[in-house]
Amino acid sequence: MEKEKKELQTVIKKIEELHSSVSLKNKVLCLDLGDKRIGMAVSDDLSLTAQNKGVIERSNIKSDLSEILNVIKTSQVGELVIGIPYNMNGSLGPQAKKVFDFIDKLKSKIDLPVYQWDERLSSSAVEKVLIKANVQRKKRKKIIDSMAAQYILQGYLDYKKIKDRESELGSQE
C-alpha cells in the first residue's frame, strides 16, 4: 500500500511539473487602434467573454509596441484581433492605412496569428450604451476606447463559437 501511495505521489508531482512548465497561451487580445489611444481587451481562459484591459496612451511606435508586447507576455495571449476601421460603404480610408502599417510593424515583433475584424460602429455602439447609463461625457472619453475593444473582441469570440459549432455539426453528419 505504501509503495502504491509513493508511486501515485510521484505521478502527481510529474503532472504538476509538466503543467507548470507548459505555457498556456490561449487568450485572445484585441486592439482598437486610434491616433491618441489604443483600447485593449482580452478574452477569458475559455475564450467565452471579452474583458476590458484598459488603454495605452500613445506616444511613439516603439513605446506602443513595447506595451503591447508586455500585455501579450503577461496575459498568456495566443492570438490577436485588431479592429479595422472600414468606411460605411466597405472601403478603406486613411485611418485603415495607419492600422495596416501598425499591424505590419507588430507582426515583425511577434509570432502569433493576427486577425483583422471589422470595427465599424463599435465606438458609436459603446457610446450609446454609456449615454443610456448616464455616464458623463468626460468619463466616457476615458473609457470608450477600451470598451470598443471589448465590443470588437466579443463579436469575434461569438463568431468563433458559431463557427466551431458549425464545424462540429458538419463532422457529425
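## Leu-46 and the β2-β3 loop

Leu-46 sits in the loop that joins β2 (37-43) to β3 (50-57); helices (H or I, at least four residues) and strands (E, at least two) are DSSP runs numbered from the N terminus. The model is a predicted one, in which local features need pLDDT of at least 70 and side-chain atom pairs count only at pLDDT 80 or more, while totals for chains, interfaces and linings use all residues. Residues are numbered from 1 along each chain as its sequence is written, and side-chain values use heavy atoms, with hydrogens and water left out.

Leu-46 has a relative accessible area of 64% and is therefore exposed; the classes are buried under 20%, exposed over 50% and partly exposed in between, with a 1.4 Å probe and protein chains only. From C-alpha to C-alpha, Leu-46 is 7.7 Å from Lys-27, and the two are 19 residues apart in sequence. Ser-47 belongs to the loop between β2 and β3. Its relative accessibility is 15%, so Ser-47 counts as buried.

## Overall fold

The chain has 5 helices and 5 strands. Read from the N terminus, the order of elements is α-β-β-β-α-β-α-β-α-α. Of the 173 residues, 33% are buried.

The radius of gyration of the chain is 20 Å, whereas a compact globule of 173 residues would have one near 16 Å. This radius is taken over C-alpha atoms, and the globule rule is 2.2 Å times the number of residues to the power 0.38. Along the principal axes, the C-alpha atoms fill a box of roughly 70 × 45 × 35 Å. Among contacts in the chain with a separation of 6 or more, 63% are between residues 24 or more positions apart; a contact means heavy atoms within 4.5 Å.

## Packing of α2 and α3

Helix α2 (residues 61-74) packs against helix α3 (residues 94-107) at an angle of about 60°, and their axes are 11 Å apart. Axes are lines fitted to C-alpha atoms, for helices over the stretch in contact, and angles run from 0 to 180 degrees between N-to-C directions. The pair α2 and α3 is therefore oblique: angles under 35 degrees count as roughly parallel, over 145 as roughly antiparallel, 65 to 115 as roughly perpendicular, and the rest as oblique. The crossing of α2 and α3 is right-handed, meaning that the near helix is turned clockwise from the far one by less than a right angle, with anticlockwise being left-handed.

On the α2 side, Ile-61, Asp-64, Leu-65 and Ile-68 meet Phe-102, Lys-105 and Leu-106 of α3. The residues of this contact comprise 5 nonpolar, no polar and 2 charged. Here Ala, Val, Leu, Ile, Met, Phe, Trp, Tyr, Cys and Pro count as nonpolar, Asp, Glu, Lys and Arg as charged, and the others, Gly among them, as polar.

Ile-72 is a residue of helix α2. With a relative accessible area of 7%, Ile-72 is buried. Apart from neighbours within four places in sequence, Ile-72 is in contact with Leu-29, Val-77, Leu-80, Ile-110 and Leu-112. Its C-alpha atom is separated by 33 Å from that of Asn-134, 62 residues apart along the chain.

Ser-75 is placed in the loop between α2 and β4 (77-84). Its relative accessibility is 5%, so Ser-75 counts as buried. Leaving out neighbours within four places in sequence, Ser-75 contacts Lys-27, Val-42 and Lys-53. Gln-76 also lies in the loop between α2 and β4, and at 35% relative accessibility Gln-76 counts as partly exposed.

## Positive phi values

Most residues other than glycine have a negative phi. Ser-47 is not a glycine, yet has a positive phi of about 55°. Gln-76, likewise a residue other than glycine, has a positive phi near 55°.

Ile-84 is located in strand β4. Its relative accessible area is 0%, so Ile-84 is buried. Not counting residues up to four places away in sequence, Ile-84 touches Leu-92, Val-99, Phe-100, Ile-103, Gln-116, Trp-117, Asp-118, Glu-119 and Arg-120. The C-alpha atoms of Ile-84 and Ile-152 are separated by 9.9 Å, with the two residues 68 apart along the chain.

Asp-145 is part of helix α5 (residues 137-172). Asp-145 is buried, at a relative accessible area of 14%. Beyond its neighbours within four places in sequence, Asp-145 is in contact with Asp-32, Arg-37, Gly-39 and Val-55.
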